[in-house]
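I opened my notebook and went through this one piece by piece. Here is what I looked up, in the order I did it.

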Amino acid sequence: SQLSLPELTKRPGAIGDAATHDITGLLKHAFFNHDDPHSIWVNTFNEILLKPLALGNTSKYMASDEGSLQRILRNNPHLQREDFVVPPIDRPRAFVMLGVLLAPLGHESEDNTVVSLQMSPDFSGSPFYSGGHGHINYDEESTNWFAKADIPAVKLVVGGGMVETFALGGDAPYEGQSGGHGVKMPSPSEPFSLAKAIGVSSAAFTAMISQALNKFGGQSMQALIPVTTMWPITSRRVPAPKAAAKYKIGDGGHMDNSGLLPILQRKVPQVVMFVNTDVPISLKSDFCGSKRLISPDLQGAAAWYFVDKFGLASHIAGQFQMHNQVFHYADLQPILCDLQTHRRAGRPAASLRKLEVLKNSWWGIEGGWTVQLLVIYLDKSQVFENELPADTQKEIKAGKEGMFANYPHFPLMSQNPGSLTSFTSAQVNLLSAQVEYSVRQHEGLLREVLQGIPHNPSAPEKSAGFEDLNPNERREGSSEQAAMAGWEGAR
């Protein structure tokens with residue numbers, strides 16, 4: 001292994017290096033400089049992540065490719081080539097950054113109001129009418145526990161389609177609101193830039209501020225939430241005209257931190273889902289035993305944004321997961337068995353299954369078809385750790401007293417003393433090395449999903465022994481072979 005401590009402490013690559021920079025100083029500078037509050041978060045992430053990559057110009061629009069850009073310029077002669085950024089030609093065409101429409105300014109964010117916002121270099125918006133109808137009732141915002149804002153409740157149509165991203169953020173068109181080619185629209189007040197899309201997709205604080213802090217008189221904090229102007233795409237069912245509104249927008253992880261649901265909206269038949277989380281796979285219950293576990297047994301079994309796809313959701317402040325079921329509840333335990341078996345054997349956790357997709361009208365997902373889903377789940381891998389140099393193993397075993405406290409489940413915030421969001425170079429490099437190791441160990445599963453080459457389920461796999469379950473709640477199974485006997489399917 002090349003992952004000795006001297007190697008791990010070297011500066012990571014450009015994207016990994018961004019995770020080593022704390023945002024506290026930039027936020028303080030923006031506050032004291034009296035910057036536009038709605039732009040503070042976007043500008044902060046732009047400084048850390050995009051400017052080192054020469055992509056940090058917030059005044060540039062996005063376009064999907066050179067051909068589309070030339071068409072845009074012909075139809076909009078006031079714009080110039082240098083006003084745009086486009087993805088490199090060797091990158092995947094489909095690239096979706098996820099956000100949410102929390103609520104119009106002055107209104108509450110709730111499970112039945114928050115809608116997906118999907119941002120790409122080509123088109124952005126909310127592609128379906130949520131709930132199949134798109135009519136959403138927004139209550140007036142609370143100013144504290146006892147009072148509401150002066151802005152009245154409102155019922156708006158949301159979603160229904162997308163617009164080219166360079167035009168996102170302007171008012172509704174006078175004609176052609178139902179869509180089409182060559183629709184003339186008012187110009188947005190500012191470009192919906194790559195910086196704004198990435199800043200929005202990482203604004204994990206927004207829902208908590210929008211939903212909870214207002215009850216404690218936190219309206220001043222609301223000014224930190226990014227905003228944009230949105231209007232619905234109309235149709236025969238939802239006829240024009242429909243006015244635009246200014247919405248609070250935030251991290252798509254408030255609804256779906258996995259990115260799986262937008263993929264299922266597009267009916268992608270093979271999916272690889274990396275669950276890079278700070279929630280370990282539970283070892284309290286035996287997911288491979290013959291007994292079918294009920295909901296209380298599976299609470300906390302894995303990351304919430306994984307189990308909610310199977311109907312195991314709950315009301316959590318700052319999260320909106322109550323409309324996320326797309327698979328049968330009965331399909332969850334076999335997948336958890338796969339993941340837990342790998343985890344107990346010390347291997348990177350993975351599961352490959354074919355699942356029936358259920359209809360989900362809130363997300364506009366059609367049911368009645370099958371997806372091949374490969375889940376690669378971040379958790380402790382003793383096999384990986386055993387292959388590390390002695391000095392690195394020693395630091396991992398030191399736990400809270402070592403360089404890698406909480407490894408591999410580093411929390412998003414306050415991982416290191418005196419830092420709000422940053423990791424050390426060693427933490428970034430070790431974590432990325434484990435993810436790479438996981439990919440290499442499950443090469444056969446990845447090739448089956450991505451290339452259609454069947455893997456060999458009987459191929460020998462590394463093992464570091466077989467870890468016991470929590471002795472206080474131990475059920476059936478004391479060996480890897482026995483664990484897998486309860487459920488049929490790929491590991």
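This is a predicted model: local features need pLDDT of at least 70, side-chain atom pairs count only at pLDDT 80 or more; totals for chains, interfaces and linings use all residues.

**Helix α12.** I started with burial, and α12 is mostly covered: 13 of its 13 residues are buried. By buried I mean under 20% relative accessible area, with exposed over 50% and partly exposed in between (1.4 Å probe, protein chains only). Helices (H or I, at least four residues) and strands (E, at least two) are DSSP runs, numbered from the N terminus. The end C-alpha atoms of helix α12 (residues 332–344) are 18 Å apart, which agrees with the 18 Å that its 13 residues should span at 1.5 Å a residue. I take the expected span as 1.5 Å times one less than the number of residues in the helix. After α12 I noted glycine 346, whose phi is positive, near 85 degrees.

**Ground rules.** Residues are numbered from 1 along each chain as its sequence is written, and side-chain values use heavy atoms, with hydrogens and water left out.

**Helix α15.** Next I checked α15 (residues 425–441), which has 17 residues and reaches 24 Å from its first C-alpha to its last, close to the 24 Å expected at 1.5 Å a residue. Its buried residues include Ser425, Val428, Leu431, Ala433 and Tyr437. I then asked what the buried residues of α15 pack against. The list is α1 (5–8), α2 (14–18), β15 (369–377), α13 (382–386) and α14 (390–397).

Glutamine 441 is also found in α15. I have glutamine 441 down as partly exposed, with a relative accessible area of 34%. Not counting residues up to four places away in sequence, glutamine 441 touches Pro348 and Lys462, where contact means heavy atoms within 4.5 Å. Its C-alpha atom is separated by 8.4 Å from that of arginine 347, 94 residues apart along the chain.

**Aromatic pairs.** A search of the whole structure gave me eleven aromatic pairs. Rings of Phe, Tyr and Trp (its six-membered ring) pair if their centres lie within 6.5 Å; planes under 30 degrees apart count as stacked, over 60 as edge-to-face and the rest as tilted. Tryptophan 41 and phenylalanine 45 make a tilted pair, 5.1 Å centre to centre with 35 degrees between the planes. Both lie in helix α4 (residues 37–50), four residues apart, about one turn of the helix. Tryptophan 41 counts as buried at 14% relative accessibility, whereas phenylalanine 45 is partly exposed at 22%.

Why is the pair of tyrosine 138 and tyrosine 247 edge-to-face? The ring centres are 6.4 Å apart and the planes are at 70 degrees, so the pair falls in that class. This pair links distant parts of the chain, 109 residues apart: tyrosine 138 is in strand β6 (residues 135–138) and tyrosine 247 in strand β12 (residues 245–251). Tyrosine 138 is buried at 1%, and tyrosine 247 is buried at 3%. I also found a cluster in which ring pairs link Phe404, Tyr407, Phe410 and Phe423.

**Proline 37.** Back in helix α4, I looked up proline 37. Proline 37 is partly exposed, with a relative accessible area of 31%. Leaving aside neighbours within four places in sequence, proline 37 is in contact with Ala223 and Leu224.

**Empty space.** Rolling a probe the size of a water molecule over the atoms shows where empty space is left. On a 1 Å grid over the protein atoms alone, a cavity is a set of points where a 1.4 Å probe fits but cannot get out, and a pocket is an open set with protein on both sides within 12 Å along at least five of seven lines; lining residues have an atom within 4 Å of a point. Grid points are joined across faces, edges and corners, and a volume is the space filled by probe spheres set on the points.

I count four cavities of 30 Å³ or more, and the largest cavity has a volume of about 60 Å³. Among the residues that line the largest cavity are Val115, Phe128, Met255, Trp362 and Trp363. Strand β4 (residues 115–119) gives the most to this lining, with three residues. By class, the lining of the largest cavity has six nonpolar, six polar and no charged residues. Here Ala, Val, Leu, Ile, Met, Phe, Trp, Tyr, Cys and Pro count as nonpolar, Asp, Glu, Lys and Arg as charged, and the others, Gly among them, as polar.

My last entry is the second largest pocket, with a volume of about 720 Å³. Of the 28 residues that line this pocket, the closest to its centre are Glu164, Phe166, Gly182, Val183 and Met185. The lining divides into 15 nonpolar, ten polar and three charged residues.
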